[in-house]
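Please open the structure in your viewer and keep the selection panel at hand. The tour goes from a pocket to charged pairs and then to rings.

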Amino acid sequence: MGFVFSDQMLGTFVPIVVYWLYSGIYILLGSFENYRLHSKEDELEKNVVPKSTVVRGVLLQQTIQAVVAILLFKVTGNDGEVATAPKSWLTIVLQFIVAMLVLDTWQYFIHRYMHQNKFLYKHIHSHHHRLVVPFAFGALYNHPLEGLLLDTIGGALSFLVSGMSSRVSIFFFSFATIKTVDDHCGLWIPGNPFHVFFRNNSAYHDFHHQLYGKAVYNVDGQL
């Protein structure tokens with residue numbers, strides 16, 4: 001007798017698995033110096049937080065996200081496609097677009113404000129910029145409050161506003177996970193479609209971390 005996983009369970013845990021698998025691919029590719037935006041020496045010298053702390057921080061955020069996702073699925077009664085007719089591809093594409101717009105708009109303005117507000121930057125957002133040289137599995141490393149506000153609540157809003165099912169959410173949040181890992185991978189891979197279709201790619205995000213990563217030292221000398 002085989003195991004049967006519900007759409008709710010897959011929607012909760014598949015993006016987490018995708019995060020670590022996709023990060024692992026970039027860790028392997030990072031062994032090729034010609035793909036790296038910074039040397040391994042820069043990564044070791046400039047980053048002010050050990051990778052073990054990054055892993056613990058990411059796992060904490062993913063635990064919070066999983067709890068919120070389970071509660072959200074239960075509250076909305078979103079049990080997948082068992083009792084409802086399958087949605088058309090056009091509907092699914094529109095839901096993807098709406099979810100992307102909601103999530104991107106929410107994260108843009110929250111992120112922007114955290115840079116404008118010196119208190120929020122110093123005590124919350126600067127945690128993320130401790131990684132002056134970003135790497136793939138550090139994509140979700142941040143202060144727990146920022147993780148809750150920026151990613152978890154933002155993801156919940158995109159799910160609710162778009163009206164997507166838990167089954168569709170598996171693919172949407174896996175895509176969003178791949179995108180954020182790609183943005184922080186610290187590599188420039190020829191032919192990477194994210195570099196072609198998105199201006200805010202790994203090179204753009206690397207520059208952002210270089211610029212504001214230095215500000216971590218200026219704002220808080222303890223970092």
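Start with α2 (40-46). Of the elements around the second largest pocket, α2 gives the most to the lining, with 3 residues. Helices here are DSSP runs (H or I, at least four residues), as strands are (E, at least two), numbered from the N terminus. The model is predicted: local features need pLDDT of at least 70, side-chain atom pairs count only at pLDDT 80 or more, and totals for chains, interfaces and linings use all residues. Residues are numbered from 1 along each chain as its sequence is written, and side-chain values use heavy atoms, with hydrogens and water left out.

**Stop 1**

Now pick Ile27, Gly30, Arg36, Glu43 and Phe135, which lie nearest the pocket centre among 18 lining residues. A pocket is an open set of points on a 1 Å grid over the protein atoms alone, where a 1.4 Å probe fits, with protein on both sides within 12 Å along at least five of seven lines; lining residues have an atom within 4 Å of a point. The volume is about 220 Å³, meaning the space filled by probe spheres set on the points, which are joined across faces, edges and corners.

Colour the lining by class. You get 10 nonpolar, 4 polar and 4 charged residues. Ala, Val, Leu, Ile, Met, Phe, Trp, Tyr, Cys and Pro count as nonpolar, Asp, Glu, Lys and Arg as charged, and the others, Gly among them, as polar.

**Stop 2: the salt bridges**

How many salt bridges does the structure hold? There are 5 salt bridges, each a side-chain nitrogen of Lys or Arg within 4 Å of a carboxyl oxygen of Asp or Glu.

Stay with Arg36 and Glu43. Their closest N and O atoms are 2.9 Å apart, forming a salt bridge. Arg36 is buried at 16% relative accessible area, and Glu43 is buried at 10%. Buried means under 20%, exposed over 50%, and partly exposed in between (1.4 Å probe, protein chains only).

Next, select Asp42 and Lys46. This salt bridge has its closest N and O atoms 4.0 Å apart. The two residues are 4 apart in helix α2, so about one helical turn separates them. Asp42 is partly exposed at 22%, as is Lys46 at 30%.

Jump to helix α7 (residues 166-183), where Asp183 and Lys179 lie 4 residues apart, about one turn of the helix. Their salt bridge brings the closest N and O atoms to 2.7 Å. Both residues are buried.

**Stop 3: the rings**

Show the aromatic side chains. The whole structure has 11 aromatic pairs. Rings of Phe, Tyr and Trp (its six-membered ring) pair if their centres lie within 6.5 Å; planes under 30 degrees apart are stacked, over 60 edge-to-face, and the rest tilted.

Zoom to Phe73 and Phe159, an edge-to-face pair at 5.5 Å centre to centre, with 80° between the planes. Phe73 is in helix α3 (residues 51-76) and Phe159 in helix α6 (residues 144-162), 86 residues apart. Phe73 is buried at 5% relative accessibility, and Phe159 at 4%.

Then select Tyr19, Trp20, Phe135 and Phe137, which form one aromatic cluster.

Lys51 puts its charged end over the ring of Phe135, 5.0 Å from the centre. Lys179 lies over the face of Phe198, at 4.8 Å from the ring centre. A charge sits over a ring if NZ of Lys or CZ of Arg is within 6 Å of the ring centre and within 35 degrees of the ring normal.
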